[in-house]
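User: I am new to protein structures and would like to learn how to read one. Could you walk me through it, feature by feature?

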There are 2 protein chains.
Amino acid sequence: MTKTLTTYEAVTEFGKKLKTLTSLKALLEWDQETKMPSGGVEFRSNQLEMLSGLIHEKLTSSELNNLLSPLIDMDSGDLVDSDSLDLSQKAALREWRKDVLKAKKLPDRLVKEFSKTTPLAIHAWAKAKEENSFEIFAPHLEKIIDLSKEKAQHLGYEFSPYDALLDEYEPKMTSQKLTKLFSEIKPKLLDLVKTHSKKIDSSFLYGDFDAQKLMSFNKELLDKMGLNKDFYRLDLSNHPFCLSMHPRDVRLTTHINSSDLVAGNISAVIHEAGHALYEMGLPIEHFGTPLCEALSMGIHESQSKFWETMIGQSFEFWEHFFPTLQKLFPENLKDISLDEFYKAINIVKPSFIRIHADEITYNLHVILRFEIEKALLSDELKVSEIPEAWNDKMQSYLGIVPKTFSEGCLQDIHWSCGLFGYFPTYLLGNLYAGQLYHNFRKTHLDYNTKIAQGNLLFIRDYLKKNVHEFGRYYSQEELIKNATGETLNPEYFIQYLDSKYSTL
Amino acid sequence: MTKTLTTYEAVTEFGKKLKTLTSLKALLEWDQETKMPSGGVEFRSNQLEMLSGLIHEKLTSSELNNLLSPLIDMDSGDLVDSDSLDLSQKAALREWRKDVLKAKKLPDRLVKEFSKTTPLAIHAWAKAKEENSFEIFAPHLEKIIDLSKEKAQHLGYEFSPYDALLDEYEPKMTSQKLTKLFSEIKPKLLDLVKTHSKKIDSSFLYGDFDAQKLMSFNKELLDKMGLNKDFYRLDLSNHPFCLSMHPRDVRLTTHINSSDLVAGNISAVIHEAGHALYEMGLPIEHFGTPLCEALSMGIHESQSKFWETMIGQSFEFWEHFFPTLQKLFPENLKDISLDEFYKAINIVKPSFIRIHADEITYNLHVILRFEIEKALLSDELKVSEIPEAWNDKMQSYLGIVPKTFSEGCLQDIHWSCGLFGYFPTYLLGNLYAGQLYHNFRKTHLDYNTKIAQGNLLFIRDYLKKNVHEFGRYYSQEELIKNATGETLNPEYFIQYLDSKYSTL
């Protein structure tokens, strides 16, 4: 038994070094989006290429293989001496094996080329968005799609190359399953948009907001949500994001937007804070093993969406925070009642920008991207045809068409980062969140009183206890079933939307 | 010939990867001092340990040895096929060999332990300085001195362990040479202090300066000095510094000090900008080889000191910049003439903080540190005795004694970073700078007219042509001789001081 334990510890030591190496990638990416001088982009691309190569080399090394082999059969996945391992260790070994086998499918050259390509593509995307020029971005996007296709071929798939990419963000998810799921809820969402679209005056939410005031509000908010200020920082970036190096060093970003005060500004911070709490809540005692890693991007998005919309756009939340906001921005809010404010921040109205969209139309933005990605990966759509396909779908789902690329197919950073297969997890996140929220309310009958008092820590604790602290111990299905008593059921989210918006 | 060239290219490719890996260390260090959440310090120490180990592993790898061996005999240093290599390649191989042989002397364990220790020591030092508690820092300092001694034993030396550490920052410098050099100039410096100490009203230089105004002035200044704004950024930190990842991504920091407007604020920026211009001016076409690296810290400091004092504290410099500064800070400067300002920023007056000291007493601060370091390394002084030794020397050289540790032996970050042997390069930098400045004036007779017009680019170009673009091609001696026609002669600096301050 001692022998086996020692061997497990040796894998963990190796894993710690590997995670430490991987954390440098997060720092490079965070720095690139927030601090790096523009002239550094080419060298940044070299840094990421080199580092990704090194990480891939370690993950596929005979050293790691030799450390794992005495514990788990790398071919069959059977544990060698099951009795000597506890449940956590078994789960960690299962996930380690999966990571190693997956990494071994990818040639070193491809991993490096991917990492070298994306920083330059991000740079081009930012310029393209600023100058409203699809042409600037198109060649970069083509290269990234080619690399993604190649990646899919190496990873392997049963039906569609897109499945291989999906699996990177949402293990075991396939485009068949998604197509079925999305086609079930799409008509319901379209119905909800029709039923709940309302014309309400929300002009008071718009203005040029003082960045310092907004940032001080944001920081108070993060404090209330239970983010320990010693463990994170908040910066500005082109596109809000959250990157974690370690549960004790998490980097959040937001943007100061001169449009909508909540949707364009505060919501972004709450969203990223939801991600940050997940990363901070992972079981730090397992750092270096897969157990101290997030389970899937769908689960990650469930955490950000839970906070951003279910909590951050609720009446009780603003019962507490509205007076502070009103004092900070009297020119906009001094004559506005809480009721008017609550209705205005929850207007259902087709709009162009996904991350600023309301809770209902948001999901149609995601379906649009899923459909375009799937078509691109299966050669049914060319890069040059994206703008037209985008606009057609916007017309069909939301009845509006963007006038610029920047408000259309250039709005999101994801494709420039090579994140094909990521978008669907935003909708999955909403579905998981809807189900968790249902359970949360059932188990915390006084939730709205507490929230109205500005007490949010019990929410963080609920999510930590049911999601964060398991890391990759369970599968998504198991996790949701353990937390809510049922596997994923999209009806909870649809019911939540219908019931919330019926009262508005 | 083709074979040899190809082999040289292969070393360069390896070198590029190694430099890229090393650049991550700079990012981690910069981030730690400017951005990192305080809770991240322990993981940062793990990151630096892991990365330093990896760098050391690559530098001492049989792969690099096998790449170099067909080109240069690693034992004798003789080139294998001298005719097929150009002068740059020969110089690069000579320096590569030196680096590899040196790295091989250090055990991997020591390199990693050093890197793991310093982030925690820096953290403790900052706390100790803030709380004026030597006790908080002392155990960390003891550990760093022990590690430094061990390092010196591995590196080897002829007379004193301190020599091995000096060589890290100023190749081939020894404490014997330094003791001789410093003992020659110390009486001259003490004389200069006596002769040129004057009581002048400089109270208008003190105040609580608006950070934004100062930063906007700083950025204009950096622009005039010829720093391309696409290639650097300027942040705030506890102790001003400059770190380079690549000539196209250089990070400068400064601090906003509520004391002296020039010595406490603007001078720090000019100083760090001098370092930055050196890094930006290195021959980028040789990136990955030692030719795109700074020659020594003495030469590095000559660049920062040249700019900070010889240019940045000159009358002609402020002929151009004073009106702008006056407009920015009218409450302090509106009734002050350029002449009064110039005299005030050049007061010779013993003071506690090295980096805010005048051009003459500054050097005595450095000699004090050199003497303490030498004593610590040779066991003539214990860590617990530092405060007393510090105060005795302050009394003896400058006639003043600090009332707090923070103004005394805790003022500088260097020891917490493990930089034993670095301080003397500040004085060497002044000596090199004095000699370069003498040559600069001889070869640019209209220098003061140009500077008074705000034209500073020709200074950058002079330094680039004579220093920056050689990287490690020459030794310090050769470089200075090529630039000025003479090897290092401390008289130029002493004469510069005497002649400048005689007119004041």
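User: Let's begin where the chains meet. How many salt bridges are found across the interface of chain B and chain A?

Analyst: Please keep in mind that this is a predicted model. A salt bridge here is a side-chain nitrogen of Lys or Arg within 4 Å of a carboxyl oxygen of Asp or Glu. By that rule, four salt bridges cross the interface of chain B and chain A. One of the salt bridges in the model pairs the side chains of B:D249 and A:R44, with 3.6 Å from N to O. Polar contacts are counted too: 10 residue pairs between chain B and chain A make one, both partners being at pLDDT 80 or more.

User: How many salt bridges does a search of the whole structure find?

Analyst: Over all chains, the search finds 67. Among them is the one between A:K112 and A:D108, whose closest N and O atoms are 3.5 Å apart.

User: Now the sheets, please. How do I read the order of the strands?

Analyst: Start with the general idea: strands of a sheet pair through backbone hydrogen bonds, either parallel or antiparallel. In chain B, three strands make an open sheet in the order β1-β3-β2, and the pairing is mixed. Strands β1 (232–236) and β2 (242–246) of chain B are at the edges, each pairing on one side only. From one strand to the next, the twist averages 20°.

User: Which strands of chain B run parallel, and how many bridges join them?

Analyst: β1(B) and β3(B) (residues 249–254) run parallel, joined by five bridges. To see this pairing residue by residue, look at B:Y232, which stands opposite B:V250 in β3(B). On the other hand, β2(B) and β3(B) pair in the antiparallel sense over four bridges. There, B:S244 stands opposite B:V250. A hairpin of two residues joins β2(B) to β3(B).

User: What packs on this sheet of chain B, touching β2 and β3?

Analyst: Helix α2 (residues 41–59) of chain A does, and its direction makes about 75° with that of β2(B). Helix α9 (residues 211–225) of chain B lies across β1 and β3 of chain B, running at about 150° to β1(B).

User: What is the strand order of the open sheet in chain A?

Analyst: The order is β1-β3-β2, with three strands and mixed pairing. Its edge strands are β1 (232–236) and β2 (242–246) of chain A. Five bridges join β1(A) to β3(A) (residues 249–254), and these two run parallel. A:L234, for example, has A:L252 in β3(A) as its bridge partner. Helix α9 (residues 211–225) of chain A packs on the sheet against β1 and β3 of chain A, at about 150° to β1(A). Helix α2(B) also packs on this sheet, touching β2 and β3 of chain A, and its direction makes about 75° with that of β2(A).

User: Last one: where is B:H320, and which residues is it in contact with beyond its neighbours within four places in sequence?

Analyst: B:H320 sits in helix α12 (residues 315–328) of chain B. Leaving those sequence neighbours aside, B:H320 is in contact with B:K224, B:I451, B:A452, B:Q453 and B:G454. Notice B:A452: along the chain B:H320 and B:A452 are 132 residues apart, yet 5.0 Å separates their C-alpha atoms.

Note on methods: Residues numbered from 1 in each chain as written. Chains lettered and ligands numbered in written order. Predicted model: local features only at pLDDT ≥ 70, side-chain atom pairs only at ≥ 80, totals over all residues. Heavy atoms only, no water. Pairing = 2+ DSSP bridges. Axes fitted to C-alpha atoms, helices over the stretch in contact; angles between N-to-C directions. Contact = heavy atoms within 4.5 Å. Polar contact = N/O pair within 3.5 Å; in protein donor to acceptor, adjacent residues only side chain to side chain.
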